[in-house]
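Biologist: I have not seen this structure before. Could you take me through how its strands and its core are assigned?

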Amino acid sequence: MTTTSRRSLLAAALAAPVAAVGVPLAAATPAVAAATAADPLTGCQTVTDWTNIALATGITAENGSPPQARIIRLAGTEFLQLRGVALCDFTADTPLGTLPLGTRPPKLTRGTAARNNHEGINAIRVDADTNGVLIVRGTSTANGEPPSTNVVRWIQLDSFSAVIR
């Protein structure tokens, strides 16, 4: 089982501001062999480029913003990133779709995503399991209303970024 040390997370956090100003990153040992060269300005390396997510039945992509996944490497730490908008009608924890091969995490990975606002609830948890299944969790309301009154109509995945290695 692969684990991520606090040291590698700290290195990634410290490298991001340095990369933003264009200073080369300190040498970091990549977790996996390089797929592409790191961007000389940001230090970010694309391991797997944006690829469409296979959406579950009854879920559609917003025009011009299909749900997609990729993996990047920053300072030796790999991140699963998602983007796009899924249109849905969720009233319970529900599968959203399946990640393409090459972007599936080696461990259960959790992140958050924006959703339609309902009584101040505007974010939802998204889990990615080792089979690549994305599951949306947390449709209940803060005041205990039944989930049927807290329908999730859309999910914007652009904020999902989670450490996988």
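Biologist: What is the bridge partner of Ala-114 in β11?

Modeller: In this predicted model, Ala-114 is bridged to Gln-156 of β11.

Biologist: How do you know that β8 and β11 pair?

Modeller: Pairing takes at least two bridges. Strand β8 (residues 109–118) and β11 are joined by 2 bridges, so they pair. The two run antiparallel.

Biologist: Why are β2 and β3 called edge strands?

Modeller: The open sheet has 8 strands in the order β2-β7-β10-β9-β8-β11-β6-β3, with antiparallel pairing. Each of β2 (54–55) and β3 (60–61) pairs on one side only.

Biologist: What makes Ile-155 part of the largest nonpolar core?

Modeller: Membership requires a buried residue of a listed nonpolar type, joined to others through side-chain atoms within 4.5 Å. Ile-155 is among the residues with the most contacts inside this core of 23 residues, along with Leu-80, Leu-82 and Leu-96. Strand β11 is one of the elements that give two or more residues to the core.

Biologist: Which residues does Leu-82 contact, leaving aside its neighbours within four places in sequence?

Modeller: Among them are Trp-50, Ile-53, Leu-99, Leu-134 and Phe-160.

Note on methods:
Residues numbered from 1 in each chain as written. Predicted model: local features only at pLDDT ≥ 70, side-chain atom pairs only at ≥ 80, totals over all residues. Heavy atoms only, no water. Helix = DSSP H or I, 4+ residues; strand = E, 2+ residues; numbered from the N terminus. Buried < 20%, exposed > 50% of the residue type's maximum accessible area, 1.4 Å probe, protein only. Contact = heavy atoms within 4.5 Å.
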